[in-house]
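Reader: I'd like to learn how to read a fold like this one, feature by feature. Could you walk me through it?

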Amino acid sequence: MELESESLLLRHQNILESFGLGSDSGIQIEVRALGPKDSENLVTLLTTAKSREPTEKQLEGGKGEVSGPPEIAPTVQYPVDEKLIEDFLKGDYCLYGGTGWWRYEFCYGKKVNQFHEEGDGTKTVIHLGSFNRENHLKWLQDHTNKRPKPHSERKQVSQYYTGGSVCDTTKKSRSVEVKLKCKEPGLTQNAISLYLLEPHECEYVLGVEAGFLCPLIQEADENGEIDLQNVLKKRVNL
C-alpha cells in the first residue's frame with residue numbers, strides 16, 4: 001500500500017510539472033488511505049490551490065495569463081486608486097510620455113499637447129487638440145467602427161480631440177484620436193504606457209495603456225465617454 005501511494009504521488013507531481021507547476025506553484029498534494037466504509041477506491045488525491053500571487057514563472061508575456069489547468073489559476077485584481085481615478089477623470093491628473101526631443105501631455109477630457117522643454121525651463125508647445133463633445137459625436141457618426149465594442153469584447157475606447165494648432169502644411173487644425181487601452185495585470189501591472197503616432201500629416205493617434213483604465217473602459221457609454229459621477233456612484237455602492 002505504501003509503495004502504491006508513493007507511486008501515485010510521484011505520478012501526479014510529474015503531471016503538474018508538465019504544466020509548469022513545480023514545488024513553488026502553490027499546489028499541495030496529499031495521498032491518504034480511506035476508511036473502511038469507502039469500498040471503491042483505496043486512495044484519493046487532494047489538491048489545494050493556495051491563495052497567492054502568480055509567480056514570474058507562471059506569467060506569460062507579462063499579461064497575467066497563468067499557465068496550467070484553468071481551475072487552479074489565481075485571480076488577479078486590478079489595483080484601484082480612487083483619488084487617482086477621480087483626478088484623472090476631472091482632467092487634473094495628466095499623463096506624460098515620450099523620451100526624445102518631443103514629449104506629450106494628455107489631460108483626460110481637456111487637451112493633448114506636444115512639447116519640448118529646454119534646459120532653462122522654457123517650453124515650445126504644439127497643441128494637438130482639445131475635447132469637444134459635439135466634434136467627438138460627429139466623428140463617431142463618420143467613423144462608426146470607432147464606437148465601443150460590447151463589454152465582453154471591449155479592451156479599449158477611442159475619443160476624438162480637435163481644434164489643435166494650425167498645421168503648416170495642411171493649413172488645418174491638428175486633431176488626435178486618443179485610444180484608452182486596458183493594460184492586463186502582470187509583472188508591470190502598475191505601469192502606464194503612452195505612444196504617439198502620426199498616420200497622416202498633423203493627424204495623430206495617442207495610445208494610453210494602463211491597468212487603472214480597465215474598469216473605467218467598462219464604464220464608458222455607447223459614445224466612449226466616461227462619466228465621473230456614474231463611476232463614483234457605482235464605487236459607493238460596491
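Reader: Leaving aside neighbours within four places in sequence, which residues is L206 in contact with?

Author: Keep in mind that this is a predicted model. With the neighbours within four places set aside, L206 is in contact with Y104, F106 and V112, with V176, E177, V178 and K179, and with L194, Y195 and L196.

Reader: And which residues touch the most other members of the largest nonpolar core?

Author: The general idea is that in soluble globular proteins, nonpolar side chains tend to be buried together. Here the largest nonpolar core has 33 residues, and F106 and L206 are the ones that touch the most other members. F106 is also among the contacts of L206.

Reader: Which strand does β7 pair with over 7 bridges?

Author: That is strand β8, residues 123-131, again in the antiparallel sense. Here H116 has T124 as its bridge partner in β8. This hairpin has 5 residues between its strands, and G121 in the turn has a positive phi of about 95°.

Reader: How many residues of β7 are buried?

Author: Strand β7 runs over residues 111-117 and is mostly covered, with 5 of its 7 residues buried.

Reader: What does the side chain of T162 make a polar contact with?

Author: Its partner is the side chain of N135, at 2.9 Å. Beyond neighbours within four places in sequence, T162 is in contact with G129, S130, N132, N135, R174 and S175.

Reader: Stepping back, how many helices and strands does the chain have?

Author: There are 5 helices and 12 strands. Of the 238 residues, 35% are buried. Among contacts between residues at least 6 apart in sequence, 52% join residues at least 24 apart. The accessible surface comes to about 14,700 Å², with 48% belonging to carbon and sulfur atoms.

Key:
Residues are numbered from 1 along each chain as its sequence is written. This is a predicted model: local features need pLDDT of at least 70, side-chain atom pairs count only at pLDDT 80 or more; totals for chains, interfaces and linings use all residues. Side-chain values use heavy atoms; hydrogens and water are left out. A nonpolar core is a set of buried Ala, Val, Leu, Ile, Met, Phe, Trp, Tyr and Cys residues joined through side-chain atoms within 4.5 Å. Buried means under 20% relative accessible area, exposed over 50%, partly exposed in between (1.4 Å probe, protein chains only). Contact means heavy atoms within 4.5 Å. A polar contact is a pair of N or O atoms within 3.5 Å; within protein, one must be able to donate a hydrogen and the other to accept it, and residues adjacent in sequence count only if both atoms are side-chain atoms. Helices (H or I, at least four residues) and strands (E, at least two) are DSSP runs, numbered from the N terminus. Two strands pair if DSSP finds at least two bridges between them. Accessible areas come from the Shrake-Rupley method with a 1.4 Å probe; for residues, only the protein chains shown count as cover.
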